[in-house]
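Here are some questions on this structure, each with a worked answer.

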Amino acid sequence: MSTSSVTFNRRAFIRTSSLASGGLLIGFNLFTACKPKVQPPVDISQLNFNDFNAFIKIADNGAVTLFSPNPEIGQGVKTAMPMLIAEELDVAWNMVYVEQAILDTENYSGQIAGGSQSIRQSWGPLRQTGATARQMLINAAAAKWGVDPSECSTSEGIITNANGETFGYGDVVKEAAAMEVPENITLKEIKDFKIIGTDARNVDIDKIITGKPLFGLDYKVEGMVYACVLRPPAFGKILDTYDDTKAKSMPGVLDVIRIGEKAKELTKEGVGNWTAAMGKSDKVVVIAKTTWEALKAKEALSATWVDDAVMESTEYQDEQLLGLLDGKEFKTLRKDGNIDKAFSQADKILERTYESPFLPHNCMEPMNFFANITDEKIHLVGPVQTPEYAANAVAGMLGRDVKDVHLEMTRMGGGFGRRLYGDFVYEVAEIAEAIKKPVKLVFSREDDMTAGVYRPAIKYRIKAAIKNGQVTAYHLKEAAVGGNMYGLIPNFFPAGAIENYQVDVANYQSNITTGAWRAPYTNFLAFAEQSFFDELAETMEVDRIQLRLDLLEKVKGTTDERIQYSPERMQNVIKVAVDKSGWGKKGDGVFQGFAAYYCHNSHVAEVADVEIENGMPVVKKVTCVVDCGIVVNPLGAKNQIEGGVIDGVGHAMYGELTFVDGKPQSQNYDKYRLIRMGEIPIVESHMIQNEIAPTGLGEPTLPPAGAAVANAIKAATGNRLTQQPFSKFPELMKVPDQPIIG
Amino acid sequence: MPKYDINVNGVSKSVDVAEDTPLLWVLRDHLDLVGTKYGCGIAQCGACTVHLDGNAVRSCSLPVASVAGQHITTIEGLSKNGDHPVQLAWKEVDVPQCGYCQAGQIMTASAFLDKNPNPTSDEIKTAMHGNICRCASYTRIHRAVEIAATKIG
């Protein structure tokens, strides 16, 4: 039996209210005493998820509604989080309705989608919530029967006593809500799970396949108007003058306004600078009766812009980053031993530089948001990964009390990090404040791709010393746009495995807005390091799998508390991947590449199988082995694994946004290549079965994919790819006339 | 502004819009049929796919003037109860992640299977290649089309 270490204080825990439809709403308010002050999620590792709350609604007829607190961006938490409550509440999953909770800072906290943390952080609190409610229902039934609660059991929403008498949860919910809140709640043993570990379909599946309004772009209210915004054509430009004569004469156009003053205030305070794409400039807004009329009239605006900063091109940024790598201005994030001494004594040194481009997020649903601002209320509706931060920022920007903000989260057509940044919320708030009407801000695809908060271009230089057949030093240098790797990343593998180890970072402050993109930093760092280890094994003339296993062996029993990854779990996923992928046993014509990586608290190993078609390597299959602890919803987990792997392969192969004089060179999908059906590998996924508390899956399968593919391409062609996207280097992808030996 | 008569999901509708208004925005903003999604506006991503006299077309790039008098089917009208074999296969496989592109995927797949009820795996890949899924739920889309084919073919 696992007994919860948390006890509840009644005042903080429960609120009940009658429902118009009958039944009761029970509000479970956990840990309200330690609510954190919300800060912008620049550093995702700093987010506090410990303060959870959930609502359970039980109707008189026993129907159960569970409110899913966190934003749904396609990672499946709207299905998986309620599963945790339902398991311990002990109801049948098919009796459960799930609703998206609104932003409610009184009763919830940590309502955020980021860092693959929702399941990890809610594993304890949400099960405790369900178990506490179940115990109260039992206590109520026992009191009615005049028996001891310990004589009662539950199953699928029915309470049974020793005499075989039964009550449905709906029969006793009123009494239950008045019960004392029990302490020392006992949670189910893993072997008794009926819902956790079973396949649950996406709770919105019926609505998705029939086209019901679910997304922010689908939301509308009576009298709503549409806004499209003309932003600077290039990063570094600010608005000077504009001419709206033509736009104003176009059908459906209601107004053209200039905004920016309030957003600039936000930037000044240092709160919104990282969120405000092109935030220094004023913007011109077309207000129209329909989306099309607004989009079209925006095109009819003419404006003049002035240069306010360096108008950066990709070549310029590359020079800056390479200059940083060559220079001496680094911040050291971790230093073990003495790398300089080890390099001076080395038999051999391997050094490589890896380079990545900027990437837009390209959520399929372009950025959009609804606002209606009155003296009484700031009503905000739409897709945002950080609703609490957005609400606070809007209230601050408008000089209003945050209590006036009513924010509803819609299902999101993708997030990938882009919707952590609320620039579109501030824009629509400023527009709504100015026009005093309900308004929907809509980004065109071009707006979405060119006013982004991009994955920054990053370059890594890795250098290793080899002495007497051992890796004696490892020096990782990062030069990145905007910021640097944070939190625990410098303590990921191979930290702890190599005696002399150092991580140094430097950054270049560009005027191009950058931010989190699915698996921030590790999405490219994994490529660099896992490519490097492959080449290191070749240089050392040792087996590439064994090299990794041997290094991990050295981490076992470490007393270094900064090391988060488990060498045992990492070795295990590696061994399973070797086994399941038929590593080294594939016949002629199949070239395999290996990569393993730990991030977002999960351990992943991947093997890519490449075959040659028309003289070029084609990724045919990726075997992916994941240890994310207990898998809450295997059906959803598999979807995340497959999507993460294909996303990783796709962006490594094709993803790139370049700039000329501050202007993004891709504006839409005709000039930006995303992986499509005809290019996907088969993904074979394996999840390690264990009884360890679950960790996240939204991100960790993406980072190793690029390295597995590059290592397989090396096996197929003899060429090492050190820059992404691979498609930019067709000469390195070509298969040589002579067969590859070895 | 001119008036256009269009038949959407078996119902005749009259809309009063500029002639270059794409069918997509007529559906979404004028007829409240928001199941058809805006993705790119230039017929590159497939999120806006609907059927025009049974053929899969990109509604974002079809001016309403060009479809007057023709029969349009959207995701809302693909089946009465959400039980078209393609929809059922999507549910069986649990295809969606974020779900935004799926209406377009389903409309492409259903028009394709109407014409080719027994496709090969490569034919499915070719047919679905024009629809982007940013979450990369492609392996499940492929599987769902295969399953739907067994029910239709």
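Q: Which residue in β6(A) is the bridge partner of Val64(A)?
A: The model is predicted: local features need pLDDT of at least 70, side-chain atom pairs count only at pLDDT 80 or more, and totals for chains, interfaces and linings use all residues. Residues are numbered from 1 along each chain as its sequence is written, with chains lettered from A and ligands numbered from 1 in the order in which they are written. Strand β5 (residues 64–68) of chain A runs parallel to strand β6 (residues 96–100) of chain A, with five bridges between them; strands are DSSP runs (E, at least two residues) and pair if DSSP finds at least two bridges. In β6(A), Val64(A) is partnered by Val96(A).

Q: What is the hand of the β-α-β crossover from β5(A) to β6(A)?
A: Between the two strands the chain passes through helix α2 (residues 77–89) of chain A, a helix being a DSSP run of H or I with at least four residues. A crossover is right-handed if, with the strands pointing away from the viewer, the path from the first strand over the helix to the second runs clockwise. This crossover is right-handed.

Q: Which helix supplies the largest share of the side of chain B that touches chain A?
A: In this interface, 47 residues of chain B are in contact with 47 residues of chain A (C-beta atoms, placed from the backbone, within 7 Å). Helices that each supply at least two residues of this side of chain B include α3 (102–115) and α5 (138–152). The largest share, five residues, comes from α5(B).

Terms used:
Contact = placed C-beta atoms within 7 Å.
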